[in-house]
Every structure is written in C-alpha cells, then in structure tokens.
Amino acid sequence: MNPTQAEIEVQRQSACGHDCSKCGGCGTPTERIKATAVNSVDAQVGDIVTVEGSSKQILGMAAIVYAIPLILFFVFYGICALLHVSEGFSILAGVVGFALGIWVAIRRNHRMKTSGEIVFTIIKKG
C-alpha cells in the first residue's frame, strides 16, 4: 500500500441508527467495511478519522446497485409481455433480469475497487 494511503474500517449504520433504547432493539449486527483512503492528515493506526467521498461516485454506485436490477427486471418482463408469452414465464424472465442486474452491479463494484475509481480521503483526525 502506498504510504500516502491508509486502510480504513467503517462501521455501517442501519436505517434505524441503532437507537435501541427507543425501539426495544432489533438485534441487527453492526457490519464493518474495509476500504483504502488517501491519508492527507497523516493518520496513524488506531486514530478515529473523518472520511470524505465524492458525492458523484457514491450516487453513481447507488444507481448501479439499485436501479440496474430493477430496470433489467422490467425490460425482461416487458419483452416477454410484448411477445405474448405466459405470465409465469414473463415473471421468471423478470427475475432473471433482476439477478443479471445484481451480477452486473457486483462486477462493476469489484472493477471500481480494483481500478481505484472510488476515492475516499481522510480529511481530519479525531
């Protein structure tokens, strides 16, 4: 790893923010994600840092992950409906399109990680 980069660990938050005292607890485990970030503040191992990412990149990733599977579901379903095949087969084709969309999203995410397209920057310590 480049000396101007650092491996960071980010704790993924759930939609509820884990405020279990208000809802009685959901039992959702906290997930930790590892990533590489530009270390512009000379952070050291164990430091708690603030990380910034490009909104354009993050929104683009969200579009790939959420939109492509849904779009492919409706495209595959729609093609079958236009060809007047059975409803069951149209639904099955839609599910195949959705699965293909998920596969595309996973492949794109892997490609972005390995090529360094996703850039996070450590902007402050503490």
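A residue counts as exposed when its relative accessible area is over 50%. In this predicted model, histidine 84 has 72% relative accessibility, so it falls on the exposed side of that cut-off. Histidine 84 sits in the loop between helix 2 and helix 3, coming after helix 2. Its backbone is worth a look too: phi is positive, at about 60°, although histidine 84 is not a glycine.

Helix 2 covers residues 55-82, which makes 28 residues. From first C-alpha to last, helix 2 reaches 38 Å, close to the 40 Å expected at 1.5 Å a residue. There is a kink along the way, though: helix 2 bends by about 35° at alanine 67, shortly before proline 69.

As for how the pair is arranged, the axes of helix 2 and helix 3 lie 7 Å apart and the packing angle is about 155°. Angles over 145 degrees count as roughly antiparallel, so helix 2 runs roughly antiparallel to helix 3. The crossing of helix 2 and helix 3 is right-handed.

Now for the strands. Glutamine 5 belongs to strand 1 (residues 5-12), while asparagine 39 lies in strand 2 (residues 31-39). Leaving aside residues up to four places away in sequence, glutamine 5 touches Thr36, Ala37, Val38 and Asn39. Of these, take alanine 37: it is 32 residues from glutamine 5 along the chain, yet the two C-alpha atoms are separated by 5.5 Å. Counted in the same way, the contacts of asparagine 39 are Thr4, Gln5, Ala6 and Ile122. Asparagine 39 has a relative accessible area of 14%, under the 20% cut-off, so it is buried. Glutamine 5, at 33%, falls between the 20% and 50% cut-offs and is therefore partly exposed.

Terms used. Residues are numbered from 1 along each chain as its sequence is written. This is a predicted model: local features need pLDDT of at least 70, side-chain atom pairs count only at pLDDT 80 or more; totals for chains, interfaces and linings use all residues. Side-chain values use heavy atoms; hydrogens and water are left out. Helices (H or I, at least four residues) and strands (E, at least two) are DSSP runs, numbered from the N terminus. Buried means under 20% relative accessible area, exposed over 50%, partly exposed in between (1.4 Å probe, protein chains only). Contact means heavy atoms within 4.5 Å. The expected span of a helix is 1.5 Å times one less than its number of residues. The bend at a residue is the angle between axes fitted to the seven residues ending there and the seven starting there. Axes are lines fitted to C-alpha atoms, for helices over the stretch in contact, and angles run from 0 to 180 degrees between N-to-C directions. Angles under 35 degrees count as roughly parallel, over 145 as roughly antiparallel, 65 to 115 as roughly perpendicular and the rest as oblique. A crossing is left-handed if the near helix is turned anticlockwise from the far one by less than a right angle, and right-handed if clockwise.
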